[in-house]
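Here is a short report on one protein model. Keep the structure in view while reading.

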Amino acid sequence: MLAVARDRGLPVVHASITDIPFPDNSFDVTYSFKVLPHVEHIERALAEMARVTRPGGYVLAEFYNPWSLRYLVKRLKRPTHISNAAHDEHVYTRYDSLAEVKRYLPPSLSVVDLRGVRVVTPVSQVHSIPVLGDAFGKLERLAADAPVLRRLGGFLIVVAQKAAQKSG
């Protein structure tokens with residue numbers, strides 16, 4: 001993916017999310033999708049994201065949710081091969097509830113919004129089935145922002161805002 005970004009002329013940095021190589025307050029928005037559930041030192045990762053986010057800016061962070069249909073399917077199914085030598089059970093993966101996510105956040109961040117992803121979809125393949133896929137797509141869009149249902153998403157997109165600097 002780094003090579004693809006470079007080929008498109010985008011500036012690319014390869015680094016650890018627990019040690020982001022940018023100065024404090026560098027970005028209006030920082031985000032992480034498909035990464036945080038695989039980071040053991042989650043508090044450090046979120047602290048780093050907050051550190052490089054400007055006061056008043058936003059951190060968008062995706063977490064895998066233990067209160068979801070996706071989690072139940074994951075627990076009931078056999079391991080899925082991700083390469084010739086490994087399956088998904090070989091990869092460190094954490095599932096975090098919204099309450100746990102809030103505890104991980106540094107004091108400078110406050111949750112301001114939440115979106116659920118894959119709230120009603122049991123497996124992604126259902127979306128490739130004619131008619132059924134359209135129906136699940138519509139249900140997903142409705143459930144993603146519904147106050148109670150969104151908390152059941154297989155993926156929780158947490159929007160946190162960094163406290164604005166106090167003028168003195």
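## Basis

A contact means heavy atoms within 4.5 Å. Among contacts between residues at least 6 apart in sequence, 73% join residues at least 24 apart.

The model is predicted: local features need pLDDT of at least 70, side-chain atom pairs count only at pLDDT 80 or more, and totals for chains, interfaces and linings use all residues. Residues are numbered from 1 along each chain as its sequence is written, and side-chain values use heavy atoms, with hydrogens and water left out.

## Fold

The protein has 5 helices and 4 strands. Their order along the sequence is α-β-α-β-α-α-β-α-β. Helices (H or I, at least four residues) and strands (E, at least two) are DSSP runs, numbered from the N terminus. The C-alpha trace spans about 55 × 40 × 30 Å along its principal axes.

## Helix α2

Of the 168 residues, 37% are buried. Buried means under 20% relative accessible area, with a 1.4 Å probe and protein chains only. Helix α2 covers residues 42-52. Its buried residues are I42, A45, L46, E48, M49, A50 and V52. Their cover includes the strands β1 (27-32), β2 (53-64), β3 (109-117) and β4 (155-162), and also the helix α4 (98-104).

## Charge

Side chains number 22 positive and 16 negative. Lys and Arg count as positive, Asp and Glu as negative; His and the chain ends are not counted. The centres of the two sets lie 3 Å apart, with each charge placed at NZ of Lys, CZ of Arg, CG of Asp or CD of Glu.

Terms used. Buried < 20%, exposed > 50% of the residue type's maximum accessible area, 1.4 Å probe, protein only.
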